[in-house]
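Please look over the structure shown here before reading the notes.

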Amino acid sequence: MQREDIHLISRHSNLTEQAVEKALIKYVYNKKEKWQKFLLLLFISFGVGFMVSGIVFFFAYNWVNLHKFVKIGLVEGVLIATTILVLLPKLSISIRKIILTGASFLVGVLFAVFGQIYQTGANAYDFFLGWTVFVTLWVLISNFTPLWLLYLVLINTTFILYAQQVAKDWTAVFVCTFLFIINTSFLISAISFGKKQIPNWFLNIVSLASTSYATIGVVIGIFDNYQTAFLILILLTAIVFTLGIWHGIKTKSGFYLSVIPFSFIIIVSALLIQISDGGMMFLLVSLFIIASVTLTIKNLIDTQKKWANEK
Amino acid sequence: MKNKYNIQELLDYLQNSEDKDLNFDEEAIFANYQKDDGNQSLAIKILSVFGGILASFAFLGFLFIAGLYNSDIGLVAFGGIFIAVSIWVNKEYDKIIVETVSVSFFIIGFILLGFGCDQLKMNENFISIIFIIVAVGSLSIVQNYILSFVSILIINGSILTLIISNKGYDLTHLYVSSIALTMNYVFLKEAKIITTNNTLSKLYNPVKTGLIFSFLSGLVILGKKGILPVSLDYIWLSSIIIIYLIVYLISNLFNILSISETRHKIGIYIFTILTLLPTALSPAISGAILLILLSFLVNYKTGLVLGIASFIYFISQYYYDLNFTLLTKSILLFSTGVLFIALYLFTNKKLTANEKV
């Protein structure tokens with residue numbers, strides 16, 4: 001029983017406040033065990049999070065009196081200490097994963113301190129590249145979702161910085177196409193090899209990222225001069241969107257069935273505005289968005305109804 | 001969405017759990033489950049809100065290019081008509097399908113109304129008050145989820161505009177504190193509110209979500225330096241209310257966690273206040289903690305996610321703005337971290353000790 005059910009039933013019955021309260025406590029609200037787990041998780045995440053940011057700030061302070069050997073030695077010392085903690089079998093597995101995530105951030109600190117000493121700059125792409133490469137093993141071994149997310153963010157950042165700092169002649173469409181390919185491959189492998197154990201929020205974030213890259217890339221491509229990358233992007237987007245819809249129907253996930261059509265609506269609107277940017281066109285686009293979103297929602301509701309009856 | 005079999009099972013359970021005889025309007029309940037908005041998913045809500053906003057932007061583009069924004073009375077009249085149509089459509093066809101249409105019309109209506117009033121040289125106070133009246137009026141007529149949510153945002157946005165245009169910046173504290181109190185009441189008195197009457201019951205969810213967003217926007221103003229010249233002299237005002245609410249919430253938690261010894265309770269109170277005290281200068285942080293705890297208490301996932309995201313944001317903002325050297329900040333952060341790890345070890349030990357007994 002869910003919150004909505006209780007609300008609906010209370011609206012059409014003479015249930016008393018006490019009865020509703022009881023039903024809410026029994027079915028909806030979190031109980032003692034959940035609270036204990038939640039608080040423990042909250043404490044350890046706060047603990048590790050604050051400590052690591054304390055360390056980050058310490059090195060950002062750039063203490064001039066501290067010799068460079070001491071600086072790097074300090075970070076490496078802390079890094080080794082945390083990694084040893086992870087190896088202790090006494091700690092529970094999820095705690096060890098949280099600590100390893102903290103250690104992965106420390107790897108970033110190490111590279112930042114290195115960059116500080118040798119003046120490579122804090123946003124140089126090689127800094128992120130080094131960070132990405134050296135946490136790879138940990139990401140694979142721990143298989144911890146938040147760490148995977150960090151890894152993906154690092155890969156994306158490295159690539160974007162590389163495009164900005166080194167490969168300046170790459171077009172925006174090409175960069176979007178590449179990012180789209182990276183994130184989509186990640187998503188597809190996560191879905192196919194994840195054995196359904198990967199939490200939905202992670203898959204949703206990755207698919208949101210990859211849909212956004214596709215949408216932005218195609219919209220820029222529509223208004224930009226013709227280029228080969230655009231053709232590839234359109235082709236790939238068409239294939240991936242079809243696959244996504246198919247996957248959404250197969251796994252009964254309303255997420256894909258709303259994100260992909262919405263992206264498609266934006267693309268078509270951009271196309272319409274490219275054809276003409278007169279006042280009437282904007283009115284038409286406005287009407288088109290209302291109509292197409294309504295259609296998407298109707299379709300979604302019908303499908304969800306069908307799924308509910310199939311159960 | 002549920003099928004017929006599930007619903008019957010549910011009603012049977014409720015009937016059995018209560019001593020006295022219950023009256024269910026089973027027909028109405030089944031009809032509601034059959035209807036579209038039995039259980040709207042979050043995806044649909046977000047889709048209609050974003051669709052509505054996007055459509056309104058396109059319409060705004062049309063308005064500017066066509067040069068229609070010059071006729072003042074016309075704009076006000078059209079604004080009124082758009083809002084009225086949106087409410088009427090919602091009332092008449094109580095279906096999810098018309099959602100995007102009515103949201104778009106609603107937002108466009110307010111935009112037109114705002115432009116029109118501005119052309120008529122009305123001052124901001126007057127416009128804000130008109131907005132509040134129209135939004136409250138719409139809340140009393142239709143209690144549809146998205147429309148009510150948007151109305152709540154409009155009401156709170158107008159109050160903020162009133163505060164800003166009259167330069168009463170310190171009133172932000174009053175605003176944030178009163179939203180915190182209302183939010184707390186709404187979260188904790190769910191059963192009471194939804195059994196009072198059907199209008200309140202329908203308004204419950206959208207108002208709850210709307211309050212969260214309004215609360216967070218108030219916190220952003222307090223939490224990010226330089227958005228508004230809120231003076232530091234009264235900043236403790238919001239903090240006191242929020243910290244009080246957190247402590248009150250913790251006293252509720254004692255029941256759930258079955259902590260009964262007075263010694264432990266006092267210890268936890270002292271610890272909570274001591275940890276929250278350093279954040280007294282940033283009510284945004286304690287506000288985010290309040291939201292996290294409230295949302296977890298009533299198992300409201302959207303609120304929890306928003307709370308955690310805003311907590312991370314406000315913490316980083318706080319340390320970014322703080323007038324200490326990085327070294328002091330580093331020590332502050334590090335010791336907070338050590339404190340929480342100690343807390344973790346302590347709680348963990350207590351819990352495992354309890355399990356063994």
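In this predicted model, helix α8(B) meets helix α13(B) through B:V176, B:A180, B:N184 and B:F187 on the α8(B) side. Their partners in α13(B) are B:P283, B:G287, B:L290 and B:L294. By class, this contact has six nonpolar, two polar and no charged residues.

**Helix geometry**
- Two packed helices are described by the angle between their axes and the distance between the axes.
- Helix α8 of chain B covers residues 171–188, and helix α13 of chain B covers residues 283–297.
- The two axes come within 11 Å and cross at roughly 10 degrees.
- An angle under 35 degrees counts as roughly parallel, so α8(B) and α13(B) are roughly parallel to each other.

**Nonpolar cores**
- The largest nonpolar core has 108 residues.
- Among the residues with the most contacts inside this core are A:I289, B:F106, B:A180 and B:L290.
- Helix α5 of chain B (residues 99–119) gives the most to this core, with eleven residues.
- Leaving aside neighbours within four places in sequence, B:A180 is in contact with B:F215, B:I241, B:I242, B:L245, B:G287 and B:L290.
- A second, separate core has 33 residues, including A:I44, A:L110, A:V139 and B:L333.

**Domains of chain A**
- The domain assignment gives domain 1 as 60–169 and domain 2 as 180–311.
- Taken over C-alpha atoms, the centres of these two domains are separated by 33 Å.
- Six residues of domain 1 are in contact with seven residues of domain 2.
- On the domain 1 side of this contact there are five nonpolar residues, one polar residue and no charged residues.

Conventions: Residues are numbered from 1 along each chain as its sequence is written. Chains are lettered from A and ligands numbered from 1 in the order in which they are written. This is a predicted model: local features need pLDDT of at least 70, side-chain atom pairs count only at pLDDT 80 or more; totals for chains, interfaces and linings use all residues. A nonpolar core is a set of buried Ala, Val, Leu, Ile, Met, Phe, Trp, Tyr and Cys residues joined through C-beta atoms within 7 Å. A residue is buried if 20 or more other C-beta atoms lie within 10 Å of its own, exposed if 12 or fewer, and partly exposed in between; C-beta atoms are placed from the backbone. Helices (H or I, at least four residues) and strands (E, at least two) are DSSP runs, numbered from the N terminus. Two residues are in contact if their C-beta atoms, placed from the backbone, lie within 7 Å. Domain bounds come from an automatic or database domain assignment. Ala, Val, Leu, Ile, Met, Phe, Trp, Tyr, Cys and Pro count as nonpolar, Asp, Glu, Lys and Arg as charged, and the others, Gly among them, as polar. Axes are lines fitted to C-alpha atoms, for helices over the stretch in contact, and angles run from 0 to 180 degrees between N-to-C directions. Angles under 35 degrees count as roughly parallel, over 145 as roughly antiparallel, 65 to 115 as roughly perpendicular and the rest as oblique.
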